[in-house]
Amino acid sequence: APLGLWADRLGERQVYVGVSLGACLSSAVLITSPPASVLAIAWAILNGPPTVRGVRAAYFAKHVPPEDLSWAGQMASSVGLIGGFLGPFGSILAEGVFGDGSDGAELDGFTCSALFAVAISMVCA
């Protein structure tokens, strides 16, 4: 896997930073209302962070004490599940608060959600 090779050469932290920056740039692209092909690529990159699980496991094995390994893995998985569950609700809430863009407003629910994704990806990087 390319991420595994990257992690072997440069380290797991660099993979996390790279994936987070890729997600940040992809989120920024979504704000610009790109053509369908660019949207598809940006969406694929934005959904790439779950592919880092193997790199996460290697990082945990190297840097987390064995007695905390189970807890750390459970917490990382739990946070991912919570984000996957709350994300759609946040999207619906943003559309309810900012509208769906049909009124011609520049700031609609999708744009606000993309801005939020940029901010979160920057924090993770």
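**Stop 1: F85 and F89**

Select F85 and F89 in helix α5, residues 66–98. The two are four residues apart in that helix, so about one helical turn separates them. This is a predicted model.

How far apart are the ring centres of F85 and F89, and at what angle do the planes stand? The centres are 5.1 Å apart and the planes are at 65°. An angle over 60 degrees counts as edge-to-face, so the pair of F85 and F89 is edge-to-face. A search of the whole structure finds one aromatic pair.

F85 has 53% relative accessibility, so F85 counts as exposed. The cut-off for exposed is over 50%. F89 has a relative accessible area of 48%, and is therefore partly exposed.

**Stop 2: G84**

Step back to G84, also in helix α5. Is G84 buried or exposed? Its relative accessibility is 51%, so G84 counts as exposed.

G84 and S20 are 64 residues apart along the chain. Their C-alpha atoms are separated by 16 Å.

**Stop 3: the α2 and α3 pair**

Select residues 12–31 for helix α2 and residues 36–46 for helix α3. Two packed helices are described by the angle between their axes and the distance between the axes. Here the angle is about 145°, and the axes are 8 Å apart. What is the handedness of the crossing of α2 and α3? The crossing is left-handed.

Next, pick out the residues that meet:

- From α2: G22, A23, S26, S27, V29 and L30.
- From α3: V38, L39, A42, W43, I45 and L46.

How do the residues of this contact divide by type? Nine are nonpolar, three are polar and none is charged.

**Stop 4: S26**

Stay in helix α2 and centre on S26. The relative accessibility of S26 is 5%. Buried means under 20%, so S26 counts as buried.

Which residues touch S26, once its neighbours within four places in sequence are left aside? They are A42, I45 and L46. A42, I45 and L46 are among the α3 residues that meet α2.

**Stop 5: D108**

Move to the loop between α5 and α6 and select D108. Is D108 buried or exposed? Its relative accessible area is 13%, so D108 is buried.

Show the contacts of D108. Residues up to four places away in sequence are not counted. D108 then touches F98, G99, D100 and G101.

**Stop 6: A119**

Carry on into helix α6, residues 109–124, and select A119. At 37% relative accessibility, A119 counts as partly exposed.

How far apart are the C-alpha atoms of A119 and A28? They are separated by 9.6 Å. Along the chain, A119 and A28 are 91 residues apart.

**Stop 7: the whole chain**

Zoom out and colour by secondary structure. The chain has six helices and zero strands. Read along the sequence, the pattern is α-α-α-α-α-α.

Turn the view to the principal axes. Along them the C-alpha trace spans about 55 × 25 × 20 Å.

What share of the residues in the chain is buried? Of the 125 residues, 25% are buried. S26 and D108 both carry that label.

Take the contacts between residues at least 6 apart in sequence. Among these, 47% join residues at least 24 apart.

Terms used: Residues numbered from 1 in each chain as written. Predicted model: local features only at pLDDT ≥ 70, side-chain atom pairs only at ≥ 80, totals over all residues. Heavy atoms only, no water. Axes fitted to C-alpha atoms, helices over the stretch in contact; angles between N-to-C directions. Left-handed = near helix turned anticlockwise from the far one by under 90°. Contact = heavy atoms within 4.5 Å. Nonpolar A, V, L, I, M, F, W, Y, C, P; charged D, E, K, R; others polar. Phe/Tyr/Trp six-rings, centres within 6.5 Å; stacked < 30°, edge-to-face > 60°. Buried < 20%, exposed > 50% of the residue type's maximum accessible area, 1.4 Å probe, protein only.
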